[in-house]
Amino acid sequence: IYEKYCQNKPRSEALWRQCGDCQFFQECQRRLSHKLPLDTYLLKPVQRITKYQLLLKEMLKCSKNSEGTAELEEALETMISIIKSVNDSMHQIAITGFEGDLNDLGKLLMQGSFNVWTDHKKVQSKVKDLARFKPMQRHLFLYTKLLLFCKRREENADGHEKSPSYGFKHSLKMSAVGITENVKGDIKKFEIWYNGREEVYIIQASSVELKNLWVSEIRKVLTGQLQAYRGKVPHAVPHVGFL
């Protein structure tokens, strides 16, 4: 429910800019004796979703090692998960140019902005050398089936700040992806390779913590694929993309 509500928030804001001065809404506000206009109340659920976790954290501080602590910890974990899910979904609806159906890609696990260097065997040498030294700014979306590379764009429209959009550039099937956790010379970098290192992407996160989160999540996806494959073909030895 929260995801759909937050996803529709930009639309409700646009409608309010068009209809906010309508006599109907002004009359409703007067009859209900509301001091604030409707758009203020429409913002409340979005604001409160982040306040719930703060409330739960304060409750935990006051109830250490007491009855109900486990339930509060579970509630906080659930609330943090909901906030992440809402935030990820807000970025997902801003993806443009992807011809497939995003719902077919599985669960959206992670999303974020990175510096990306590429090294492709089939690319001509001059372009290849440039790609090695000059990073691209890319926003990555990790799904269970696909890894999307997008370019972030921001525009202003009608004097109002517009949410960023993410122009689709290319994607990698997770079934053909491998990962190298450490890249020499920078502890914030990791490496994603594709089709037996035919394509190599060096990813630089903004922090070591963020890098570790992504590496961990990608490993979970690859491990899940391995387990599913073994379940179908018990004696087979599939390609495993860990280094």
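Colleague: Which residues are buried in helix 4?
Modeller: In this predicted model, Ile49, Gln53, Leu56 and Leu60 of helix 4 are buried.
Colleague: What do the buried residues of helix 4 pack against?
Modeller: They pack against helix 1, residues 2-7, and helix 5, residues 69-92.
Colleague: Where does helix 4 bend?
Modeller: The bend is at Arg48 and comes to about 30°.
Colleague: And how far apart are the end C-alpha atoms of helix 4?
Modeller: They lie 36 Å apart. At 1.5 Å a residue, the 24 residues should span 34 Å, so the two values agree.
Colleague: Let us move to Tyr41. Where is Tyr41 found?
Modeller: Tyr41 belongs to helix 4, which covers residues 38-61.
Colleague: Why does Tyr41 count as partly exposed?
Modeller: Its relative accessibility is 35%. Buried would require under 20% and exposed over 50%, so Tyr41 falls in between.
Colleague: Now the whole chain. How many helices and strands are there?
Modeller: The chain has seven helices and 10 strands. Of its 243 residues, 33% are buried.
Colleague: What is the accessible surface of the chain?
Modeller: It comes to about 16100 Å², and carbon and sulfur atoms account for 53% of that.
Colleague: Finally, what share of contacts between residues at least 6 apart in sequence joins residues at least 24 apart?
Modeller: That share is 55%.

Definitions and conventions: Residues numbered from 1 in each chain as written. Predicted model: local features only at pLDDT ≥ 70, side-chain atom pairs only at ≥ 80, totals over all residues. Heavy atoms only, no water. Helix = DSSP H or I, 4+ residues; strand = E, 2+ residues; numbered from the N terminus. Buried < 20%, exposed > 50% of the residue type's maximum accessible area, 1.4 Å probe, protein only. Contact = heavy atoms within 4.5 Å. Areas by Shrake-Rupley, 256 points an atom, 1.4 Å probe, with all protein chains shown as cover. Expected span 1.5 Å × (residues − 1). Bend = angle between axes of the 7 residues up to and from the residue.
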